[in-house]
Amino acid sequence: MLIRNALIENSETAKDLRIKDGVFMEIGSLKEEENEEVLDLKGKLLLPPFIESHVHLDTCLTAGDPCFNMSGTLFEGIECWSRRKEKLTAEDIRERVNKVVRMYAANGIQHIRSHVDITDPSLMAMKTLLKLKEELKDVMDIQLVAFPQEGILSYPNGRQLLIDAVKMGADVVGAIPHFEFTREYSVESLNFALELAKEENRLVDVHCDEIDDEASRGLETVATRALELGLYDKVTASHTTAMHSYNNAYVSRLMRLLKMSRINFVANPLVNTHLQGRFDTYPKRRGITRVKELLAEGINVSFGHDDIEDPWYPMGNGSLRDVVFLGLHVSQMMGHDEIMNSYRLITYNAAKTLHISENYGIETGKPASFIVLDAKNYYEALIKDSPVLYSFRKGKKLVENSPCKQSVLF
Ligand code: FE2
């Protein structure tokens with residue numbers, strides 16, 4: 001198959017791509033072969049598939065059931081979820097996850113890292129997600145984090161549940177230090193999680209300091225243990241919203257450690273601007289980690305959706321465009337190059353976090369997985385909220401959408 005006239009990753013010159021046996025065989029100025037199937041993109045933007053680096057598939061589409069989060073705080077969200085969890089069934093999870101995966105696919109996403117709540121003695125969500133991961137693998141790569149929503153040390157049998165979830169097949173070990181009862185528990189829970197990851201050869205993704213408390217310093221422990229255990233970029237710190245409130249002298253010391261540790265960061269702009277600052281009067285904090293400063297230091301940062309219509313966030317539609325759009329605003333990353341390159345926050349940077357870079361990207365010899373947007377570059381795509389026209393996975397067309405059409409009759 002020949003894909004013609006693609007503007008690859010904001011390039012101003014169109015190129016052609018030849019796909020054979022599910023991989024990119026040639027990229028350049030190519031001649032059509034006899035009887036070759038041709039798709040002419042007529043100068044549309046071609047990108048590698050989008051990657052959702054942080055979501056909770058098990059909680060999606062449960063907003064208002066049994067209660068809405070009225071205060072908008074993370075902690076009321078956890079309370080609402082705790083009540084919803086009581087009526088969780090495998091069928092209920094399957095139905096919602098199948099819906100959400102299709103929402104994501106329609107928006108050009110082909111890889112998802114999902115946290116799955118394992119503070120449940122039956123581990124029902126993890127068991128169900130492991131099956132769904134296998135069933136959906138032709139349309140979506142799903143990486144699963146064993147996520148102890150109610151704590152490792154602060155939830156009955158929390159340590160054993162985390163071990164069981166990992167042995168069962170979870171790809172990533174999670175933790176939630178700011179939710180543990182004490183600072184000591186917080187440090188101990190991180191030591192436990194990272195050592196378990198080392199032993200079981202897993203990645204790590206910690207819900208880290210998702211609070212406006214400037215004294216919440218799980219991040220320094222995560223980075224130190226990543227460094228000392230030699231886990232480095234296998235470790236990710238998600239959220240780190242307390243870093244927004246740290247004093248600058250402390251951050252300047254912390255940055256040295258963060259660079260040495262080589263850990264990744266995931267920020268979730270939609271959800272954290274909604275959840276954080278809830279105990280502030282005015283001024284109200286923006287609730288996002290220091291994205292611009294981390295990137296300037298060469299530290300890897302990606303953006304995630306986090307929640308889609310659940311106790312922590314009543315909105316969301318599976319489109320990462322809104323995530324990037326808001327993230328650029330609240331992080332004050334509105335320079336021309338910052339906007340143009342922001343697709344990297346949901347493509348290459350996220351691929352690094354998920355450790356899938358080897359088979360990812362628009363290069364000869366790599367799997368022919370890509371998306372096409374109805375725009376000439378990512379700046380235009382963000383402004384126009386351009387739909388994903390096509391999503392191809394290993395050479396096979398998964399999604400086809402109509403171009404945006406407006407008719408102003410004057
Ligand atoms: Fe999260």
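How many Å apart do the C-alpha centres of domain 1 and domain 2 lie? I looked this up first. The C-alpha centres of the two domains are 31 Å apart. I note that I am working from a predicted model.

**Entry: division of the chain.** I checked the bounds next. Domain 1 is made of 2-47 + 362-400, and domain 2 covers 50-359. In the contact I find 22 residues from domain 1 and 26 residues from domain 2.

**Entry: buried area.** I looked up what the two domains bury between them, and the value is about 2000 Å². Carbon and sulfur atoms account for 57% of that area. On the side of domain 1, I noted Tyr378, Leu382 and Arg393, which supply 33% of the area that this domain buries against domain 2.

Entry: I searched the interface of domain 1 and domain 2 for salt bridges and got two. I also looked at Asp385 and Arg321, whose side chains meet in a salt bridge with an N to O distance of 3.8 Å. That pair passes because the cut-off is within 4 Å. For polar contact across the interface of the domains, I count twelve residue pairs, with both residues at pLDDT 80 or more.

**Entry: the domain 1 side.** Which elements each supply at least two residues of the side of domain 1 that touches domain 2? I list the strands β13 (370-373), β14 (388-393) and β15 (396-400), together with the helix α13 (378-384). By class, I record the residues on this side of domain 1 as 14 nonpolar, four polar and four charged.

Key
Residues are numbered from 1 along each chain as its sequence is written. This is a predicted model: local features need pLDDT of at least 70, side-chain atom pairs count only at pLDDT 80 or more; totals for chains, interfaces and linings use all residues. Side-chain values use heavy atoms; hydrogens and water are left out. Domain bounds come from an automatic or database domain assignment. Contact means heavy atoms within 4.5 Å. Buried area is the accessible area (1.4 Å probe) that two parts lose on being put together, summed over both. A polar contact is a pair of N or O atoms within 3.5 Å; within protein, one must be able to donate a hydrogen and the other to accept it, and residues adjacent in sequence count only if both atoms are side-chain atoms. Helices (H or I, at least four residues) and strands (E, at least two) are DSSP runs, numbered from the N terminus. Ala, Val, Leu, Ile, Met, Phe, Trp, Tyr, Cys and Pro count as nonpolar, Asp, Glu, Lys and Arg as charged, and the others, Gly among them, as polar.
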